[in-house]
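Hi everyone, thanks for coming.

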Amino acid sequence: MASSSSSEGEGRRAWVPLASRPEFAGVTPLPQDDGPSPVVAIAYRDDFRETMDYFRSLYSSRELSPRSLLLTSLAISVNPANYTVWHFRRQVLEALGADWTEELEFTEGVAKRNAKNYQLWHHRRWVAEKLGPDAASRELEFTRKIFCLDAKNYHAWSHRQWVLQALGGWEDELDYCAQLLEEDVFNNSAWNQRYFVITKSPSLGGLNAMRDSEVDYAIEAIHANPENESPWRYLRGLYNDENEAWLNDSRVHSACLRVLKAKRNFKFALSTLLDLLGLGFKPNQEIKDAITSLRTSDLGEAGSDSDLANSICSILGLEDPMRANYWTWRKQQASSSS
Amino acid sequence: MGELAGDKHVKYILSVEKKKDNLLGKLDTVDSDEVVSWILQCQHESGGFGGNIGHDPHLLYTLSAVQVLALFDKLDVLDINKVTNYIRALQNEDGSFSGHIWGEVDTRFSYCAICCLAILKRLDSINVEKAVRYIVSCKTLDGGFGCTPGAESHAGQIFCCVGALAITGSLHHIDKDLLGWWLCERQVKSGGLNGRPEKLSDVCYSWWVLSSLIMIDRVHWIDKEKLIKFILDCQDTENGGISDRPDDAVDIFHTYFGVAGLSLLEYPGLKATDPAYALPVDVVNRIFFGRCST
């Protein structure tokens with residue numbers, strides 16, 4: 001079977017016209033039909049034009065051969081977003097009885113230069129499906145390599161989630177999330193994956209079982225960087241719809257208090273307290289004082305709890321002026337519900 | 001603040017591509033018959049459309065084809081049944097949609113299918129309830145939506161899910177306050193919008209985030225003036241076109257989303273855009289309420 005991994009090298013070697021290559025002897029290239037008067041004539045490079053002319057020829061004759069496979073490699077190297085080429089490649093692979101492991105290597109070559117290409121990832125998934133659960137560790141390793149270059153690659157995360165659910169490999173996933181968060185605690189994708197793991201992993205017992213330790217984990221991250229949006233949302237997500245549990249977990253409002261006392265990066269701490277107040281939270285004097293001390297002199301005195309919510313919104317309107325309208329709306333909500 | 005260099009952008013657009021949006025009010029600079037004839041040549045025997053002549057059909061391009069035909073008021077050239085059958089065959093048992101026969105599933109395709117069928121007035125040909133249920137299953141812990149259940153909230157996916165829910169009259173499934181807050185938190189210091197926490201701002205999110213905010217009635221939660229300034233700063237005022245962020249190279253994709261974003265912000269001189277259908281409001285009115293003057 002013709003080598004399918006040649007696309008990586010093609011780009012670097014000098015282009016040998018397909019017309020001169022013996023493996024394509026007898027193929028009549030089919031030019032692109034742009035119609036009688038093209039509105040826009042794209043200035044294609046010679047290698048691109050020739051590759052696609054040959055591709056069109058073999059595609060239209062539905063030739064499912066080793067040289068067709070090679071041609072799809074070349075076509076993918078000049079335009080990896082051409083999904084028709086990928087479709088045809090899959091048809092060729094199935095007809096020829098592909099070596100799926102070799103095909104995985106081919107996709108790794110493409111991924112090196114096109115890690116955000118939809119067609120690549122879909123193709124990789126299609127190949128991995130052929131291999132089944134045996135492919136799990138290789139797929140996890142592949143996405144790990146992608147994350148070394150871009151730890152937030154949305155396609156790679158989508159693939160990794162699919163791998164875990166379809167092929168398995170959950171055992172080390174929570175540790176992997178912890179590792180990524182150690183490297184970058186602001187990586188929202190890693191926080192999302194952590195939530196995915198604790199809620200869906202068959203070896204962890206589910207959200208209720210994991211909540212306690214995860215609250216501590218999130219709060220630790222909050223104190224390291226209180227301005228980090230992700231752990232605050234993660235913390236809230238741990239309670240999901242269980243408002244009573246959220247209200248009664250003293251660690252949550254204690255964490256908010258600690259951030260307020262530091263008097264910097266307190267936006268999410270204040271908004272969390274605002275949410276809690278909205279659900280009937282009764283703050284102690286220490287929290288009230290901490291909020292009051294953040295007020296600038298022109299905001300006047302805070303009194304009852306509704307004044308407290310009012311105060312919080314006023315502070316946030318000044319602290320986060322970009323979202324002044326949002327905080328004004330929160331203020332209106334707070335006063336209309338009291 | 002700078003101004004929108006509308007004429008320069010028109011020149012840039014014409015220099016790049018056939019398909020064009022109408023928002024700059026210059027649709028008549030393009031030959032509609034040529035475009036329509038080319039689009040029909042992109043249609044596959046299955047009824048779906050490919051990205052170009054000879055390309056395999058795909059939901060993405062099927063939606064684009066129908067949107068362009070709607071812009072030119074040429075939907076009547078279509079065999080509606082054929083296109084409908086292509087789309088409905090792509091709905092899966094769980095209500096999700098595949099993008100093509102090879103089975104890739106993503107909430108983007110839910111939006112494409114629903115938007116396209118709504119324009120063709122054939123929404124009843126799919127199982128809307130299941131489609132909605134699938135989209136709702138993609139809701140995340142922060143009130144947003146991802147590409148599949150469990151995936152991270154992403155403004156692009158959120159647009160697709162909110163748009164699909166809006167078109168099917170299912171916005172009540174959304175916690176608008178929670179999502180609205182997540183969306184307005186996408187605005188960063190420069191005034192631009194990002195697509196996820198701690199990512200760089202990009203002009204295209206002016207569309208994804210803004211249209212989502214409008215659909216859930218929360219657009220007043222962002223700082224409009226600062227966003228307008230950001231988009232205008234992304235223009236190439238000499239050669240036309242808009243880039244992802246200031247001083248980067250322009251491309252047709254960001255030119256569209258920058259102009260569309262400004263339209264949503266009611267920038268003077270631009271036509272109003274429907275946030276769910278991503279088409280000018282007068283085109284949407286024409287589709288659903290009959291002939292109106294354009």
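Let's start with a question: are H4(A) and H5(A) roughly parallel or roughly antiparallel to each other? Before I answer, keep in mind that what you're looking at is a predicted model.

Okay, find helix H4, residues 83–96 of chain A, and then helix H5, residues 100–113 of chain A. Their axes sit 12 Å apart, and the angle between them is about 160°. Anything over 145 degrees counts as roughly antiparallel, so that's our answer: H4(A) and H5(A) are roughly antiparallel. As for handedness, these two helices make a right-handed crossing.

Which residues do the touching? From H4(A) we have A:Trp86, A:Arg89 and A:Leu93, and on the H5(A) side they meet A:Trp100, A:Glu103, A:Phe106 and A:Val110. Sort that contact by class and you get five nonpolar residues, two charged ones and no polar ones.

Now hop over to chain B for another helix pair. Here I'm looking at H10, residues 224–233, and H11, residues 252–264. The packing angle is about 155°, and the axes are 10 Å apart. By that cut-off of 145 degrees, H10(B) and H11(B) are therefore roughly antiparallel too. This time, though, the crossing is left-handed.

In this contact, B:Ile228, B:Ile231 and B:Leu232 come from H10(B), while H11(B) brings B:Gly258, B:Gly261 and B:Leu262. The class count is four nonpolar, two polar and no charged residues.

Next up, aromatics. How many aromatic pairs does the structure hold over all chains? It's 30. One of them is A:Phe55 with A:Phe88, an edge-to-face pair with 5.7 Å from centre to centre and 80° between the planes. That pair links distant parts of the chain: A:Phe55 is in helix H2, residues 46–60 of chain A, A:Phe88 is in helix H4 of chain A, and they're 33 residues apart.

Last topic: confidence. For the complex, the predictor gives an ipTM of 0.91 and a pTM of 0.92. Chain B has a mean pLDDT of 92, with 94% of its residues at 70 or more. Chain A averages 91, and 91% of its residues score at least 70. Within chain A, residues 1–12 have a pLDDT below 50, although that stretch has 26 contacts in the model beyond near neighbours in sequence.

Note on methods
Residues numbered from 1 in each chain as written. Chains lettered and ligands numbered in written order. Predicted model: local features only at pLDDT ≥ 70, side-chain atom pairs only at ≥ 80, totals over all residues. Heavy atoms only, no water. pLDDT = per-residue confidence, 0-100. Axes fitted to C-alpha atoms, helices over the stretch in contact; angles between N-to-C directions. Helix = DSSP H or I, 4+ residues; strand = E, 2+ residues; numbered from the N terminus. Parallel < 35°, antiparallel > 145°, perpendicular 65-115°, else oblique. Left-handed = near helix turned anticlockwise from the far one by under 90°. Contact = heavy atoms within 4.5 Å. Nonpolar A, V, L, I, M, F, W, Y, C, P; charged D, E, K, R; others polar. Phe/Tyr/Trp six-rings, centres within 6.5 Å; stacked < 30°, edge-to-face > 60°.
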